[in-house]
Structure formats: structure tokens, C-alpha cells
Amino acid sequence: MDKISPVSTNLLYAYKSQVNTPAENKNNSNTATIAPDIVKKETADAAKAYAIVAPAQKTVPEKKSIDELKADLTAQGKVEGKDFEVEKDELASKLTIFENGRPVKIYRYDKDGSKKENFEAIQEFSYPLDASKGLKHIETTYGADGEFHFRTFEYDRDNSPYKDDIVSYGTSPFDLEEKLKADGSQFARDIEYNNGRMINKTTAFNSKTGEVKRYEFYYGTQDNAVGDVAICMIDKDGFKKSEIYFSKDKTNYTEYYDSIKY
């Protein structure tokens, strides 16, 4: 899980001094909720869609090598290239299971997956009955021992319930900082380079609400212009608890604390 940059620890300290209840306590409800501290009234629509296609209760899969898993599927009458697909590599491998032409599970392995100990994670996909509402799918990732990693809701950009008054796809970090100054928010800037791509990270502390948010601006490798933009909600320990990611054609909402309680 990504942690806040050391350059912004003074903002985090200010945040922690105002927090009495751990952020994790927000997830102890039996009702599935989606980041009310990030979005506004649109959250209600997202919650309804969530309830319609909520993933089934998770089960911890038996650890098997990728070839053992392939043999099991073949014994069930599954056809490679149609019902499932295997991709092997020296660094990472995966086996994808399809239903109605769409992936429903992806088993991920370290290296070539030749040992059951190479099994690392499983991704499960759920699809809405009516994709015209904007929700394309929900992806939930668990570790090999069943531990929750994250859950992502992918929406068409134009139909996404996740909007923000401050940033969106293509927003300049300098425009953001002007808005933060006008609002009286404290902020710190950090620059990161990843595979030749520059990421401008602006961490802001709102003294009125006690919130810490990290805004990430991703620059293109060709024209060096801002494209994708992310809003990360930071918990009291400096970790991301949720994120909204604005890209050209879609908007993703990701939660890093499991909001589904069975």
C-alpha cells in the first residue's frame, strides 16, 4: 500500500493531531459504503450499483501450481483458448478464466508459476446487468491466503458518479495549488519519475475538515502534458485508504480497506 512522501510528514502530523478515531473504524458497518469523504451526493448512486453487483463472499483457493490449475480446468471440460488462457513468463505468469467472453477470475503467479508457492493473488470480476448506467465492472483482488488487497470500480468517464470540483482529467497541478491557496489549505509538492514518466504529487491538509489528500498528476512521455489525475485519501498513518483515478475514457474508484462485511 502506498505511503505518503516524507516531504509531507508535517502535514500528516497536523492531521493526526486532530484525529481521535482511527480511519479504519469507518468500515465497521454492515452496510457497504463508498468513500463519502471523497464524493458528494453521487455516492448514493454508486452505492446502489454496488449492491446490485456486489462480489460474492470470498473463498480462499487451494494453492496449486499454474499447471495443476490448468489440469483441473481441463478435467472439468474447459477448453484452453476459449474458457481459460495461460500466460507464462520468467518474471510473472497468470491464468485467466472466462465466462461469456469476459474474464471472471485471474490467478497470478510469481515467475513461471511452476510451484504452488508461486501463487500470489487472485482477481475476481463482477459485471452489472445494465452497463448503460456507467459501471463497467468491479474488480476485487485477494492475496494467496485470502487477505484483502483492494477493490476497484471502473466507470465510463462520462457516466461516472465520481466527480470533483477541484481536479479532473487534464487538470494542471498549478491550477490546483491556486485553489488550495484560496481555500487556506496547507500543501507540499513532490516529484517522482517512473519509467520515464513524471508524476507531480501535491499533498494537501485541510485544517477545516482535518483531511489529508494527495493529488497525483501524470505527465505524458511524448508531449510532457498532464493527462491522468488521481485523488488519494490518506489515513492517519500515512497510507492510502481510497483513490479516485481520472483518465481520458474512464474513472476508477479504488478502496484499500474492505467495505463489504458478511
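Glu154 touches Gly134, Leu135, Lys136, His137, Lys250, Thr251 and Asn252, leaving aside residues up to four places away in sequence; contact here means heavy atoms within 4.5 Å. The model is predicted, so local features need pLDDT of at least 70 and side-chain atom pairs count only at pLDDT 80 or more, while totals for chains, interfaces and linings use all residues. Residues are numbered from 1 along each chain as its sequence is written, and side-chain values use heavy atoms, with hydrogens and water left out.

- Glu154 is placed in strand 6 (residues 148-156); helices (H or I, at least four residues) and strands (E, at least two) are DSSP runs, numbered from the N terminus.
- With a relative accessibility of 11%, Glu154 counts as buried, where buried means under 20% relative accessible area, exposed over 50%, and partly exposed in between (1.4 Å probe, protein chains only).
- A salt bridge joins the side chains of Glu154 and Lys136 at 3.3 Å, N to O; the term requires a side-chain nitrogen of Lys or Arg within 4 Å of a carboxyl oxygen of Asp or Glu.
- Because Glu154 lies in strand 6 and Lys136 in strand 5 (residues 135-143), this pair ties together parts that are 18 residues apart in sequence.
- Lys136 is partly exposed, at a relative accessible area of 33%.
- Glu154 also forms a salt bridge with Lys250, whose closest N and O atoms are 3.6 Å apart.
- That pair links distant parts of the chain, with Lys250 in strand 12 (residues 250-255) and Glu154 in strand 6, 96 residues apart.
- Lys250 counts as partly exposed at 30% relative accessibility.
- Through shared partners, the salt bridges join Lys136, Glu154 and Lys250 into one network.

**Salt bridges elsewhere**

- How many salt bridges does a search of the whole structure find? The search finds 17 salt bridges.
- Asp67 lies in helix 3 (residues 66-75) and Lys88 in the loop between strand 1 (84-87) and strand 2 (92-99), so the pair ties together parts that are 21 residues apart in sequence.
- Asp67 is partly exposed, with a relative accessible area of 41%, and Lys88 is partly exposed, with 45%.

**Aromatic pairs and a charge over a ring**

- The structure holds eight aromatic pairs; rings of Phe, Tyr and Trp (its six-membered ring) pair if their centres lie within 6.5 Å, and planes under 30 degrees apart count as stacked, over 60 as edge-to-face and the rest as tilted.
- The ring centres of Tyr109 and Phe119 are 5.6 Å apart and the planes stand at 50°, so the pair is tilted.
- This pair links distant parts of the chain: Tyr109 is in strand 3 (residues 102-110) and Phe119 in strand 4 (residues 119-126), 10 residues apart.
- Tyr109 is buried, with a relative accessible area of 3%, and Phe119 is buried, with 5%.
- Tyr218 and Tyr245 form a tilted aromatic pair, at 5.5 Å centre to centre and 55° between the planes.
- Tyr218 lies in strand 9 (residues 211-219) and Tyr245 in strand 11 (residues 240-246), so the pair ties together parts that are 27 residues apart in sequence.
- Tyr218 counts as buried at 13% relative accessibility.
- One aromatic cluster is formed by Phe153, Tyr155, Tyr162 and Tyr253.
- The charged end of Arg102 sits over the ring of Tyr127, 3.9 Å from the ring centre; the criterion is NZ of Lys or CZ of Arg within 6 Å of the ring centre and within 35 degrees of the ring normal.

**Pocket and cavity**

- On a 1 Å grid over the protein atoms alone, a cavity is a set of points where a 1.4 Å probe fits but cannot get out, and a pocket is an open set with protein on both sides within 12 Å along at least five of seven lines; lining residues have an atom within 4 Å of a point.
- The largest pocket has a volume of about 420 Å³, a volume being the space filled by probe spheres set on the points, with grid points joined across faces, edges and corners.
- The lining of the largest pocket has 21 residues, of which Ile97, Glu99, Val104, Lys105 and Tyr107 lie nearest its centre.
- Helix 3, strand 2, strand 3 and strand 4 are the elements that give two or more residues to this lining.
- Strand 3 provides the largest share of the lining of the largest pocket, five residues.
- The structure holds one cavity of 30 Å³ or more.
- The largest cavity, with a volume of about 30 Å³, is lined by Lys58, Thr59, Pro61, Ile122, Glu124, Tyr142 and Gly146.
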